[in-house]
Amino acid sequence: MYFYIERETDRNLPFSVEETVELVCKAVLEEEACPYDVQIGVTLTDNEGIHVLNREYRGVDRETDVLSFPNVDFQASGVFDIDQEREADYFDPDTGELVLGDIVISVDKVYEQAANYGHSVKREFSFLLAHSMLHLCGYDHMEAAERAVMERKQEEILTGLGITRDSEIKLRDADEPGRG
């Protein structure tokens, strides 16, 4: 797995973003039995940056917590049967890796939602990352049945990693450097 992280905000997170991205993304890919080496882009931004993207790409004029930009058109969620006619669209010709897509996370929302839900910033970041990775693997949550599948998978993946709501000290204010 190859991932790149782009930072469009000066706001830092109190843990290794690189290690967490690798840990969560690998767990999702293993859960989904992805047979390919993949490329994933992760951009960390702020509320203003994600607002602009949400308006531009989804027509929604407000900030959000995470956006997913899948590169693969799955016939069925989590089924990595790539049509040979589309291989040129999905695979990096230099590395042979499946270009799964891009994830954009608002660090401002990570902090806000961690405080609102009463869990750690790492838990919130990991949840948003797992959620978005499932979108990159073809899952959606527009219907109740789809939502239930995604919620179950997210919880199983994070629980398997030991990143649960109760696994870390809930330091709402102390999570952010320079506070509490």
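Read from the N terminus, the elements of the protein chain run β-α-β-α-β-α-β-α-α-α. That makes six helices and four strands. The model is a predicted one.

**Overall dimensions**

The protein chain has 180 residues, and a compact globule with that count would have a radius of gyration near 16 Å. The chain has 16 Å, so the two agree. Its C-alpha atoms fill a box of roughly 55 × 35 × 35 Å along the principal axes. Of the 180 residues, 46% count as buried. The accessible surface comes to about 9,600 Å², and carbon and sulfur atoms hold 43% of that area.

How far apart in sequence are the residues that touch? Take the contacts with a separation of 6 or more: residues 24 or more positions apart account for 72% of them.

**The sheet**

Strands of a sheet pair through backbone hydrogen bonds, either parallel or antiparallel. Here four strands form an open sheet, in the order E1-E2-E4-E3, with mixed pairing. Strand E1 (2-7) and strand E3 (66-70) are the edge strands, each pairing on one side only. From one strand to the next, the twist averages 15 degrees.

Look at E3 and E4. They pair in the antiparallel sense over five bridges. Within this part of the sheet, Phe-69 has Asp-102 of E4 as its bridge partner.

| Helix | Strands touched | Angle between directions |
|---|---|---|
| H2 (residues 47-58) | E2, E3 and E4 | about 45 degrees with E3 |
| H5 | E2, E3 and E4 | about 145 degrees with E4 |

**The nonpolar core**

The largest nonpolar core has 44 residues. Which of them touch the most other members? They are Leu-13, Ile-40, Leu-100 and Phe-125. Several elements each supply at least two residues of this core: helix H1 (17-31), strand E2 (38-45), strand E4 (98-106), helix H4 (107-117), helix H5 (121-136) and helix H6 (144-161). Which element gives the largest share? H5 does, with eight residues. H5 also packs on the sheet, where it touches E2, E3 and E4.

Leaving out residues up to four places away in sequence, Leu-100 touches Leu-29, Gln-39, Ile-40 and Phe-69, among others. Its contacts also include Pro-70, Asn-71, Val-72, Phe-74 and Phe-80. Met-133, Leu-136 and Cys-137 belong to the list as well. One of these partners, Ile-40, is itself named with Leu-100 among the core residues that touch the most other members. Another, Phe-69, is the bridge partner of Asp-102.

Terms used. Residues are numbered from 1 along each chain as its sequence is written. This is a predicted model: local features need pLDDT of at least 70, side-chain atom pairs count only at pLDDT 80 or more; totals for chains, interfaces and linings use all residues. Side-chain values use heavy atoms; hydrogens and water are left out. A nonpolar core is a set of buried Ala, Val, Leu, Ile, Met, Phe, Trp, Tyr and Cys residues joined through side-chain atoms within 4.5 Å. Buried means under 20% relative accessible area, exposed over 50%, partly exposed in between (1.4 Å probe, protein chains only). Contact means heavy atoms within 4.5 Å. Two strands pair if DSSP finds at least two bridges between them. Axes are lines fitted to C-alpha atoms, for helices over the stretch in contact, and angles run from 0 to 180 degrees between N-to-C directions. The radius of gyration is taken over C-alpha atoms; the globule rule is 2.2 Å times the number of residues to the power 0.38. Accessible areas come from the Shrake-Rupley method with a 1.4 Å probe; for residues, only the protein chains shown count as cover.
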